[in-house]
Amino acid sequence: MTSLAELGLTAQGGGEAQITGLAVDSREVKNGTLFAALPGSHVHGAEFIQYALRMGAAAILTDAEGARIAADELAASTAAVVITQDPRQALAQTASLWFGVHPATVVAVTGTNGKTSVSTFCRQIWEEMGIAGVNLGSTGVEGAWTHPLKYTTPEPITLHRVMAEATQNGITHVAMEASSHGLDQRRLDGVLLAAAGFTNFTQDHLDYHETFEAYFDAKMGLFTRVLGEDGVAVINLDDPKGPEVAEICIARGQEIIGVGRHPNARLRLTGQRFDQTGQDILFSWQDRPRQARLGLIGGFQAENVLLAAGLVIAAGGDPVDVFDALPNLGTVRGRMELAATRDNGAAVFVDFSHTPDAVATALKAMRPHVMGRIVVILGAGGDRDTGKRPLMGAAAAKHADVVIVTDDNPRSEEPAAIRAAVMAGAVQAGGTDSITEVGDRAEAILRGIDALGPGDALLIAGKGHETGQVVGDTVLPFNDVEQASVAVAALEGKI
């Protein structure tokens with residue numbers, strides 16, 4: 001048991017309690033639990049305080065509004081009450097103290113696109129250096145120790161529990177994805193970072209943040225609040241927002257490692273040459289030139305690799321060892337992943353690109369690797385930012401030769417309505433001759449692969465590593481990589 005004071009909390013009226021556990025779900029409360037009643041998008045967690053007290057909660061952590069909502073229940077209870085202006089941040093700090101141990105070296109990366117790739121490349125570099133590391137994010141916990149996760153950035157209790165379990169399993173290094181939702185909701189607070197990275201900033205998640213300004217401010221929380229003043233910021237200076245991020249970090253006194261083609265980049269990309277299986281890159285570190293072979297498709301992957309290299313260096317890695325590891329990096333699951341190859345040589349790739357910029361970037365990056373046509377299959381998720389749907393269609397029509405619009409994860413929305421919005425953007429940008437609509441995603445993949453001739457390539461965009469398709473409240477088994485493999489086998493008469 002641990003007292004409130006040992007967790008850095010002060011109860012109203014000087015009350016004290018011995019805590020046996022933490023919970024944000026009243027159904028998980030047991031005798032002695034500290035229940036965090038947090039403000040939510042639709043309902044305040046204080047609505048569940050009465051149930052938490054009934055289950056034996058020893059203390060309640062909430063804000064002034066929560067205390068008002070549950071005033072009668074709290075007055076009739078002997079539970080200690082902690083009221084704070086920002087209960088989410090308080091919970092994160094409390095969870096950090098509660099679970100105690102963390103891996104010695106932690107880095108985090110934020111940005112609209114590229115977080116999974118960068119964090120995975122960090123882990124792969126550490127592996128090549130003989131270091132027990134993991135990446136933590138949308139693909140779960142991967143590396144020397146594995147663990148499933150429900151969210152890209154888990155809520156604080158789960159996050160700090162996983163960090164403690166990782167440490168107990170011998171993990172010393174962690175590369176985390178920092179989502180804008182997670183940052184806005186203070187989920188990473190309490191994590192001690194050696195370095196933080198910024199990839200890019202484009203449209204996404206406006207259903208949650210509502211404005212670009214709020215979305216950007218949420219991401220900047222990684223540098224203004226989570227990363228300490230003695231931390232190192234690794235920033236893609238080629239992104240239009242990169243210099244602004246650098247100014248924010250400089251104002252805090254943080255060391256900067258700029259990455260990209262920008263003349264001020266310390267880790268500077270100076271040349272690329274593409275072929276069917278990857279690319280050769282020229283780059284310099286502190287003005288000293290280097291060359292490396294990357295077995296990765298897409299010019300943007302070089303930027304992701306160098307950002308990862310910068311993070312590993314910022315966290316104490318020897319630059320020579322870091323750069324020697326780059327030729328051994330492998331494809332990230334669901335990120336420009338080669339899913340299948342037809343007998344005629346046409347390749348099928350699966351990518352998580354689900355924003356207008358990500359779709360455009362992926363297609364433009366494929367072009368130097370492809371001699372023939374590029375076919376793209378894409379849709380858009382339901383119950384998410386509706387404004388990006390026609391923009392995604394337009395991006396596909398502008399940068400691919402053939403576009404097939406299909407379902408992604410429609411969730412509670414009518415799939416046909418989502419497809420119509422994507423189609424409208426595609427038709428407006430590229431006409432109608434090479435744009436078709438196929439609602440069933442498996443059929444769309446089959447048709448897309450059937451259309452591939454020698455030298456062509458197919459990009460299946462949107463779902464990446466996901467293994468299910470969300471329709472209504474049901475998650476149906478669906479894996480783009482598996483579907484592509486089955487389709488190729490069927491078309492080539494192998495099944």
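This tour goes through a pocket, a cavity and a set of salt bridges in a predicted model. Residue numbers run from 1 along each chain as its sequence is written. Local features need pLDDT of at least 70, side-chain atom pairs count only at pLDDT 80 or more, totals for chains, interfaces and linings use all residues, and side-chain values use heavy atoms, with hydrogens and water left out.

**Stop 1: the second largest pocket**

Select Gln276, Ile297, Leu338, Ala347 and Phe349. Of the 19 lining residues, these are the closest to the centre of the second largest pocket. A pocket here is an open set of points on a 1 Å grid over the protein atoms alone, with protein on both sides within 12 Å along at least five of seven lines; lining residues have an atom within 4 Å of a point. The volume is about 320 Å³, taken as the space filled by probe spheres set on the points, which are joined across faces, edges and corners.

Now show strand 17 (337-341) and strand 18 (347-351), the elements that give two or more residues to this lining. Strands are DSSP E runs of at least two residues, helices H or I runs of at least four, numbered from the N terminus. The lining divides into nine nonpolar, nine polar and one charged residue.

**Stop 2: the cavity**

Select Gly379, Ala380, Thr406, Asp407, Asp408, Asn409, Pro410, Pro415, Ile418 and Arg419. They line the largest cavity, a set of points where a 1.4 Å probe fits but cannot get out. Its volume is about 30 Å³. The lining has four nonpolar, three polar and three charged residues. Ala, Val, Leu, Ile, Met, Phe, Trp, Tyr, Cys and Pro count as nonpolar, Asp, Glu, Lys and Arg as charged, and the others, Gly among them, as polar.

**Stop 3: salt bridges**

The whole structure holds 24 salt bridges. Each is a side-chain nitrogen of Lys or Arg within 4 Å of a carboxyl oxygen of Asp or Glu.

Pick Glu142 and Arg333. Glu142 sits in strand 9 (residues 140-143) and Arg333 in the loop between helix 12 (319-325) and strand 17, so the bridge ties together parts 191 residues apart in sequence. Glu142 is buried at 15% relative accessibility; Arg333 is partly exposed at 36%. Buried means under 20% relative accessible area, exposed over 50%, partly exposed in between (1.4 Å probe, protein chains only).

Next, pick Asp456 and Arg373, whose closest N and O atoms are 3.1 Å apart. The two lie in separate loops, 83 residues apart. Asp456 is buried at 7%.
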